[in-house]
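Try each task yourself before you read the solution.

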Amino acid sequence: MTTVDDQSVGMDYLESFPRKFLRVYLPLGLIIVFLLFPFYWMAVTTFKPDAEMYDYEKYNPFLIAHPTLEHIKKLFFDTDYPLWMWNTVIVSVSSTFISLFASVCAAYAIERLRYKGSRYVGLAIFLGYLVPPSILFIPLAAIVFQLGLFDGNLALILTYPTFLIPFCTWLLMGYFRTIPYELEECALIDGATRLQILTKITLPLSLPGVISAGIFAFTLSWNEFIYALTFISSSENKTIPVGAITELVNGDVYHWGALMAAALTGSVPVVILYSFFVEYYVSAMTGAVKE
Amino acid sequence: MAVIAEPAAAEVKRSSLWSRAFESRHFLGAMFMVPAIAILILFLAYPLALGFWLGMTDTKIGGVGRYIGFQNFVSLSKDSVFWLSVFNTIFYTVFASIVKFAVGLYLALLLNERLPFKSMVRAIVLLPFVVPTVLSAIAFWWIYDSQFSIISWLLIKAGLLTHYIDFLGDPWNARWSVVLANIWRGVPFVAITLLAGLQTISPSLYEAANLDGATNLQRFRHITLPMLSPIIAVVMTFSVLMTFTDFQLIYTITRGGPINATHLMATLSFQRAITGGNLGEGAAISNAMIPFLVAAILLSFFGLQRSRWQQGGRD
């Protein structure tokens, strides 16, 4: 896994500032404004009273004249939002842990034990990553129903690993590959079992990989929508994305303030987590593609 | 070190059999695979097969279907809404992917420059990819509101427009609107992965080109692009795959409307199967996406093969 270094190209430092401003900073700035604007708009709408939100004549829509918490209050006290948040946390954390456990074992077996046929199993797991949820949700709904898991967290906890395990396994295989075989051989000669080698040598040495996989799995499950929309029917069992879309819209009346508040507060946990581990996240994303 | 319990005398023989089994890589390897394989077979491989089967039945929600062969596909082939969804899916994928690639590559090149606050800029750029798609799609839904769209307001203030744009009420406006939202969501992924690819290119190549008097454009054309092409192949396959099977953005922003103008195959399949209760027909629509996906996956394999070949056959 290569870390991102700050090699710059050629002799750019000879360039004058105005020229570089036009060539680099200006387009970069415009793209960043484009990428950040929806978040800004989300935040502005969340804290803006209804009177200002629907009156562009009297108020400048980009600013908030009288900030208010009424939308957030409405969201937290008049809807099932806290339950959705709780469900999302439970589902994301559980499916992340299940996926990490299964992926660590699988990646270790494929990469280190190299049992008969491990290459092909590794390839098959990679192929699983390419099967999109939008072709699986119909048969999965039938299975979930048959297993009696319909409308419960467990339906999501057990199905999310189908897209998390392939990714995590693949990522961890790459990390395990970087650990020298000699370390394991020495431990084997000293009489350590495979399990001890895994928990005492391989895992600690590949901790960055495990963290990357965990963060990625967590954000992916927090983001998941189509399974949660299909398998969950009662309001108190929904996750944030599904709850926001299905419960905050009454017929043709859109509660934009509450909707934006849900979008904002639903994004904050992943953004915080992401900002703590951004380097891991980036290396996971790029590493997975470069493998 | 863990303390290993003394086995009782009577169990010595059995436990030695066990311990011998646990020394076998093949046995142990199989054991380690159990959790992952169990989950993937039950919730991935089996549903995939079940999906094929369901597509050949007339199953309704809550009922048992019977086998009807290719009848679903025959009726879909006469269904103008289905063909519209195929058209929309291809339109959406082609335009969104091209722009995502162009903007993503440009952004990657910009981020590869010598910049202040480099890692912070990178972190900010990736935000749209991290934030749950549905939640950012809600923001786009509001941005595209027919009466309170901030885009319309800005254009009117700038004197470029006289009345509000009906972003989501007109078929072509709606199509371009969802394409734009998808581009917004996908550019960071393309940019960051291509940036990682750019940083594996040795600076000495550029220095050599400089000494030979190459222009910026020549350096890009003859060094950057060829060196980057394997990773471009992989990233774009992923990007096309994600765009082609997208569901969240459309479901949130338009639900396939107006008059089915933005229905993708995935959203139509959801509508027919879950909302409409015709699981069999919905599964048939999902299955119709598979040939496209297989094509994309094959492309990805060629891309990976090529990258391996360029790196000198390293495993």
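**Exercise 1.** Is B:Asp79 buried or exposed?

*Solution.* Keep in mind that you're looking at a predicted model. Start with the cut-off: buried means under 20% relative accessible area. B:Asp79 has a relative accessible area of 16%, so it is buried.

**Exercise 2.** Work out what B:Asp79 pairs with, and which parts of chain B that pair ties together.

*Solution.* Step one is the partner: B:Asp79 makes a salt bridge with B:Arg272, with 2.9 Å between the closest N and O atoms. B:Arg272 sits in helix H13 (residues 265-275) of chain B, while B:Asp79 is in the loop between helix H3 (71-77) and H4, so the pair links parts that are 193 residues apart in sequence. Step three is burial: B:Arg272 comes out at 16% relative accessibility, so this residue counts as buried too.

Now look for another partner of the arginine. B:Glu281 also forms a salt bridge with B:Arg272, and here the closest N and O atoms are 2.8 Å apart. Both B:Glu281 and B:Arg272 are buried.

**Exercise 3.** Find which residues are joined into one network by salt bridges that share partners.

*Solution.* Recall the general idea: side chains of opposite charge can pair when their charged atoms come close. Follow the shared partners and you get a network of A:Glu111, A:Arg114, A:Arg119 and A:Arg177. For scale, the whole structure has ten salt bridges over all chains.

**Exercise 4.** How many salt bridges are there between chain A and chain B, and which residues meet there?

*Solution.* The count is one salt bridge between chain A and chain B. In this bridge the side chains of A:Arg23 and B:Glu113 meet, at 3.2 Å from N to O. A:Arg23 belongs to helix H1 (residues 17-46) of chain A, and B:Glu113 lies in the loop between helix H4 (80-111) and helix H5 (118-125) of chain B.

**Exercise 5.** Describe the rest of the contact between chain A and chain B.

*Solution.* Begin with the residues: 111 from chain A and 103 from chain B take part. Then take the area: the two chains bury about 9800 Å² between them, 78% of it on carbon and sulfur atoms. Nine residue pairs are in polar contact across the interface. On the side of chain A that touches chain B, H1(A) gives the most, with 17 residues. By class, that side has 82 nonpolar, 17 polar and twelve charged residues.

Technical notes. Residues numbered from 1 in each chain as written. Chains lettered and ligands numbered in written order. Predicted model: local features only at pLDDT ≥ 70, side-chain atom pairs only at ≥ 80, totals over all residues. Heavy atoms only, no water. Salt bridge = Lys/Arg side-chain N within 4 Å of Asp/Glu carboxyl O. Helix = DSSP H or I, 4+ residues; strand = E, 2+ residues; numbered from the N terminus. Buried < 20%, exposed > 50% of the residue type's maximum accessible area, 1.4 Å probe, protein only. Contact = heavy atoms within 4.5 Å. Buried area = accessible area lost by both parts, 1.4 Å probe. Polar contact = N/O pair within 3.5 Å; in protein donor to acceptor, adjacent residues only side chain to side chain. Nonpolar A, V, L, I, M, F, W, Y, C, P; charged D, E, K, R; others polar.
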